[in-house]
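Dear colleague,

I am passing on to you the structure that we talked about, together with some notes on what I found in it. Please open it beside this message and follow along as you read.

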Amino acid sequence: MKRLVVVESPTKARTIRKYLPDSYTVEASMGHVRDLPPSASQIPEKYKKTSWSRLGVNVEEGFEPLYIIPADKKKVVKQLKDALKGVDELYIATDEDREGESIGWHLLEVLKPKVPVRRMVFHEITKSAILEALENTREMDTNLVEAQETRRVLDRLVGYSISPLLWKKIAPKLSAGRVQSVAVRVLVLRETERILFVPASYWGLGAYLSASGAVFEATMSQTNGLRLATGKDFDDNTGRLSAGIVDGTDCIVLTEPKALTLEKSLPKSKWTVDSVDEKTITRNPSAPFITSTLQQEASRKLRLSARDTMRVAQKLYEQGYITYMRTDSTSLSGEAIEAARNAVRDRYGKEYLSDTPRQFANKVRNAQEAHEAIRPAGTEMKAAAQLKLSGDEEALYDMIWKRTVASQMAEAKISRKSVQISCGDGDMASLFRASGQTVLFPGFFRAYVEGSDDPEAALEDREQPLPEFKKGDVVKLESLEAKGHATKPPARFTDASLIKVLEQEGIGRPSTYASIIDTIVRRGYVRRDRSQLIPTFTAFATTNLLEIQFNSLVDTGFTAEMEQVLDDIADGEIKALPYLKSFYAGKDGLETKVEQGLDTLDAREVSAIVFEKWNPYVVRVGKFGPYVELGENEERKVASIPFNTAPGDLSAEDLQGFLDEKERGDDILGIHPDYEMPVFVKKGPFGHYVQLGDDDQEGKPKRISIPKSLDPADVDFAKAVQLLELPRDLGNHPETGKPIKTNIGRFGPYVQHGSVFASLTKEDDVLEIGYDRAMELLLKKEAKNKPLRVIGEHPESGEMVEVWDGRYGPYVKHQRVNASLPKNQSIESVTLEEAVALLAERAATKKPARAKKATKPKTAAKAKAKAKPKAKAKPKKN
């Protein structure tokens, strides 16, 4: 019998193919083979005139989705249909979660097979797992499919219904999302806390003491019978002590004069041990990874974004190295537990094993997807070095391996000691506190410490022993210092901390966290600053509108309840249609809310961002971005706010500064000697630049960005004229004879030879760089512009398939498609067949390019305006 097995990706297909008999053919669907139409142009002609076609969901008849086969998937569908001819059975082997079940269902809807269909599921791609899946197939789970299709319809209804309202009331091209908008609101609320934050100052004293030849640190905890106030005692919104805490009764807010007085007087007194408290605690290992904890720990340890974590994990899974990476189950199979315990015994010794095998209970709200935890695949528990992995794949796999092994290790035992030391007399009587700890038995710390790349180094950091004390011992003061402190605003979210909140609140699912963060960053609601996620002013304005008109949609509780409904549909407990009708067309449903918003929402009101600390200024979001507004009518003044301005760091003085800079107008540095035009220093949304000529002159004036290495305040007339002379010719290339030029572009200063561009380094000056240095940079870049290896001709196009060196490692290239090589594959070993499969997989995931709008031919005036202004003849010197 001939059998066809369909999976999602070529990588997964190649791995599975190794474990199947020759009678099985494995093909890849490249993900979903059909979807809702992404734009009006892709709506079938017969539906275009219907009232619901824009939504892609027939809200008038059962909320039936309108599915199409995208142009880039038609070839895949044809290949699958051809492969289906002549086979006796079809196996759907897509992933075992809702998304995978949905992909499988769509395949059946499109292929319409006339042979028996079997659904095979597995959570790891190993020989034993694949063969077991073949023996234990099942039917398609229609409840899982219905839950996923309901999610898709809900997301579509929310996005395509509310987004046009945002375009009309706030700014074009904005979008709303069922889950992404809630995540944005979470970020906006945290940034609002930072805006409202009022810092408080307080003082304390720190001492270095010694006993038995060891020096240790102690901090003042009490003076004159009252504990010292610390940061947690202050209200973030007032900068004063929180309600119910009275200075001088419940605690004392130490002032600078009092702290300095104590600093002078206490060294004269005797320092005596007042009490010693010592206890032994145990620490248990964390559960093996689930999707959310993997993303959080990869963010902390490896500095990977949630998206990059899932991309690397997907590769590891498809290559058969780890179990399925989308799961919120912390359980391990019996064979996995045995493999982990064997690894502990072999590597660390029997004493590091837990007394009994450990299993962990799920703590995730609304946990579902009942798979195993994420762990190394198979029963051998191979380390990363044995698999010859490298780069991010090695780092992530190593982290998964250590976490899995640590889960079966003994608990760590730690001795903690706290000492109270008294000094001073009368109203100067004070207590200092010192604490330390000693690791009695490292247990699982030997393999894994959360947040640390190096368990051994982390163990050393945890060793903070104190000398042996008993009450009444006298210690020696080595130094004493009064220190001022200030409370800090709440920390901004990172990928890790945002995922933790989304998980705790039951918002979204493990498989969606990465795409949620990626979407809100890509659409301009959030800006990344190193690891911080900073909401933009657009996020504030959008959240304003959604809170006013669609409050429940951005409420975390309501969103979590919606996730529970989807879970109930997946479990077959409720049907989707009644819920969809109520959500969209009910009395206070989405459709009604949108219509009311179009009629009643005031665009100026919802786009206004107002805080008392900014008075009398108002920040608004308009068509061209955020701006500050002061006054009304004839007195009204406005000025743009740079895109990279963080709302939580903004003050009234900053807002006035934007207005002042606009009122001052542009700085005229002088009249250009060749063109007899004014030379300006101007500021735009993306920074400062110099300009030749007025804005209202005929044609577009010449503009050159001021390099980031140059302070705009230091740009005088001579420097501006130099910048306007760019691009600068440095000479001709010795081989081609073509000119070598230097200039400033969108990504900064560069040198150019023909089609080769090489960026300047921080040490290079675009105005001073010479021919030799430019050639050096170009030669380095040209070396990178040559393939490392030519593999052969592509079987379809006849053009060459090549291996190139890239920023993230080697990749195969064909025409405009690039695909990274697996980390464990050498440049020399990759075959043409493997390269073509990698390229096909990558091509399937690329978004189709948008069709360019037809452009009108330039008029003579516009063509002339584009040309560089001609130099006027210089007057002759007498």
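Which strands does helix H21 lie across, and at about what angle does this helix run to S19? In this model, which is predicted, helix H21, made up of residues 652-664, lies across S17, S18 and S19, and its direction is at about 95 degrees to that of S19.

These strands belong to an open sheet of four strands, whose order is S16-S17-S18-S19 and whose pairing is antiparallel. Strand S16 (608-609) and strand S19 (637-640) are at the edges and have a single partner strand each, so one side of each is left without a neighbour in the sheet. Further in, strand S17 (residues 618-622) and strand S18 (residues 625-630) run antiparallel and are joined by five bridges, and you can find Gly622 opposite Gly625 in S18.

Elsewhere in the chain, please look at Thr309, which is part of helix H9 (residues 306-318). Thr309 is buried, because its relative accessible area is 0%, and the cut-off for that word is under 20%. Leaving aside residues up to four places away in sequence, Thr309 touches Leu294, Gln295, Ala298, Leu304 and Leu396.

As for confidence, the mean pLDDT of the chain is 88, with 93% of its residues at 70 or more. The pLDDT is, however, below 50 over residues 365-370, a stretch that has 21 contacts in the model beyond near neighbours in sequence. Over residues 849-878 the pLDDT likewise stays under 50, and there the model has 15 contacts beyond four places in sequence.

Key:
Residues are numbered from 1 along each chain as its sequence is written. This is a predicted model: local features need pLDDT of at least 70, side-chain atom pairs count only at pLDDT 80 or more; totals for chains, interfaces and linings use all residues. Side-chain values use heavy atoms; hydrogens and water are left out. Two strands pair if DSSP finds at least two bridges between them. Helices (H or I, at least four residues) and strands (E, at least two) are DSSP runs, numbered from the N terminus. Contact means heavy atoms within 4.5 Å. Axes are lines fitted to C-alpha atoms, for helices over the stretch in contact, and angles run from 0 to 180 degrees between N-to-C directions. pLDDT is the predictor's confidence in each residue, from 0 to 100. Buried means under 20% relative accessible area, exposed over 50%, partly exposed in between (1.4 Å probe, protein chains only).
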